[in-house]
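Open the model in your viewer and keep the selection panel at hand. This tour goes stop by stop: what to select, then what to look for.

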Amino acid sequence: MRELSLHILDIAQNSISAGASQIHIVVKASTRDNLLTIRVSDNGKGMSPEFVARVRDPFVTTRTVRKVGLGIPMLSATADLCGGGVKIESAVGNGTTIEATFELNNLDRPPVGEIVQTMITLIVANPDIAFTYEHSVDEKTFILNTDEIKAQIEDVPITEPSVIRWIREYMTEQISVAGNIT
Amino acid sequence: MKTLEDLKRIREQAQKAMQVRESDHSAKICVAMGTCGIASGARETMAAILDELEKRGITDVAVTQSGCKGLCEQEPTVDVCKSDQPTVTYGYVTPEKARQIIAQHIVNVNIAGEWVVATDKK
């Protein structure tokens with residue numbers, strides 16, 4: 001994957017497949033700790049401890065159409081390469097949290113990339129899922145919550161082009177106020 | 001700077017537009033977003049689809065995503081399903097092809113045959 005935001009799209013797809021109705025995405029940079037954290041939490045069906053133990057193995061997947069699952073193994077390999085790692089917390093019936101960490105200034109760390117496009121893709125394609133996106137750079141934080149947007153637009157669907165355009169512009173502005181993470 | 005307050009105005013305008021619009025979706029476009037699809041550029045394909053629909057003012061097409069369906073080597077793949085017609089799966093859908101598929105299949109109801117990798121009788 002060329003961008004960490006593509007990994008986020010990929011991991012969030014796992015949450016969608018797990019039947020999540022709420023997905024919380026965090027991108028957090030700490031210059032003091034030289035740390036970039038990416039976290040995807042969901043309230044999907046969760047995984048058993050046995051499955052969590054095997055999920056970094058590329059030859060483990062729940063899908064039936066192919067025998068390899070590369071999403072978590074690729075994220076894990078990239079995080080390991082960048083002086084970080086991937087932590088997985090999950091319980092059956094209680095959802096899953098995947099957290100990947102990277103040294104912020106590591107030369108091998110892929111750029112965060114087009115995170116706004118990742119969020120737009122998720123929101124448009126899954127209008128019934130409640131998404132929150134939390135973006136922090138040191139002390140500054142921006143949070144987007146699709147439930148707040150839905151409360152404002154009432155019966156207008158969140159997929160309406162004018163609403164989507166607003167979300168794109170709003171996120172781009174707010175992220176640059178909090179601080180872009182390259 | 002944009003604020004949540006803007007959404008009220010957007011809502012009022014959208015509600016007016018919705019009154020004169022057919023409510024049912026006439027077609028569904030589904031972009032495969034498994035690891036294979038995403039790594040092959042599915043997000044950019046999706047962005048092109050949304051942009052093209054907006055530019056053409058097409059509002060009765062639902063755009064969704066799915067996981068991997070086993071056509072990894074032909075990603076990005078896009079399913080187009082017009083109501084009461086079989087689902088057509090297009091392969092190697094670059095953003096440029098996605099725009100042409102909207103012009104041909106959605107607007108002109110003419111399947112872009114050379115890019116079809118599978119069809120499904122429903």
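**Stop 1: H6(A) against H1(B)**

Helix H6(A) and helix H1(B) cross in the right-handed sense. This is a predicted model, so read every stop as a prediction. Select residues 161-178 of chain A and residues 6-19 of chain B to show the two helices. Their axes lie 9 Å apart, and the packing angle is about 160 degrees. Angles over 145 degrees count as roughly antiparallel, so H6(A) and H1(B) are roughly antiparallel to each other.

Which residues meet here? From H6(A), show A:Ser162, A:Val163 and A:Trp166. From H1(B), show B:Asp6, B:Leu7, B:Ile10, B:Gln13 and B:Ala14. Colour them by class: five are nonpolar, two polar and one charged.

**Stop 2: H5(A) against H1(B)**

The crossing is right-handed.

Now show the side chains. A:Ile149, A:Gln152 and A:Ile153 of H5(A) meet B:Leu7, B:Lys8, B:Ile10 and B:Arg11 of H1(B). By class, this contact has four nonpolar residues, one polar and two charged. Look back at B:Leu7 and B:Ile10: they meet H5(A), and they also meet H6(A).

**Stop 3: the whole contact between the chains**

How many residues does each chain bring? Chain A gives 31 and chain B gives 30.

Stay on the chain B side. H1(B), helix H2(B) (35-39), helix H3(B) (42-55) and strand S2(B) (61-66) each supply at least two residues there. H1(B) has the largest share, with nine residues. Colour this side by class and you get 15 nonpolar, eight polar and seven charged residues.

**Stop 4: the sheet of chain B**

Chain B holds four helices and five strands. Along the sequence they run α-β-α-α-β-β-β-α-β. The C-alpha atoms fill a box of roughly 45 × 35 × 25 Å along the principal axes.

Show the strands. The five form an open, mixed sheet in the order S2-S1-S3-S4-S5. S2(B) and S5(B) (116-120) are the edge strands, each pairing on one side only. From one strand to the next, the twist averages 20 degrees.

Zoom in on S1(B), residues 27-32, and S2(B). The two run parallel and are joined by six bridges. For one bridge, pick B:Ala27: its partner in S2(B) is B:Val61. Then bring back H3(B), which packs on this sheet and touches S1(B), S2(B) and S3(B) (78-82). The direction of H3(B) makes about 160 degrees with that of S1(B).

**Stop 5: the sheet of chain A**

Chain A has six helices and six strands, following the pattern α-β-β-α-α-β-β-α-β-β-α-α. Its C-alpha trace spans about 45 × 40 × 25 Å along the principal axes. The radius of gyration of chain A is 16 Å, which agrees with the value near 16 Å for a compact globule of 182 residues.

Show the strands again. Six of them form an open sheet with mixed pairing, in the order S3-S4-S2-S1-S5-S6. Which strands stand at the edges? They are S3(A) (85-91) and S6(A) (140-145). Each has a single partner strand, so one side of each is left without a neighbour in the sheet. The twist averages 10 degrees from strand to strand.

Select S3(A) with S4(A), residues 95-103. This pair is antiparallel, over seven bridges. One pair to click on is A:Lys87 and its bridge partner in S4(A), A:Glu99.

**Stop 6: helices on the chain A sheet**

Last, select residues 71-81 of chain A, which form helix H3(A). H3(A) lies across S3(A) and S4(A), running at about 140 degrees to S3(A).

Note on methods
Residues are numbered from 1 along each chain as its sequence is written. Chains are lettered from A and ligands numbered from 1 in the order in which they are written. This is a predicted model: local features need pLDDT of at least 70, side-chain atom pairs count only at pLDDT 80 or more; totals for chains, interfaces and linings use all residues. Axes are lines fitted to C-alpha atoms, for helices over the stretch in contact, and angles run from 0 to 180 degrees between N-to-C directions. Angles under 35 degrees count as roughly parallel, over 145 as roughly antiparallel, 65 to 115 as roughly perpendicular and the rest as oblique. A crossing is left-handed if the near helix is turned anticlockwise from the far one by less than a right angle, and right-handed if clockwise. Two residues are in contact if their C-beta atoms, placed from the backbone, lie within 7 Å. Ala, Val, Leu, Ile, Met, Phe, Trp, Tyr, Cys and Pro count as nonpolar, Asp, Glu, Lys and Arg as charged, and the others, Gly among them, as polar. Two strands pair if DSSP finds at least two bridges between them. The radius of gyration is taken over C-alpha atoms; the globule rule is 2.2 Å times the number of residues to the power 0.38.
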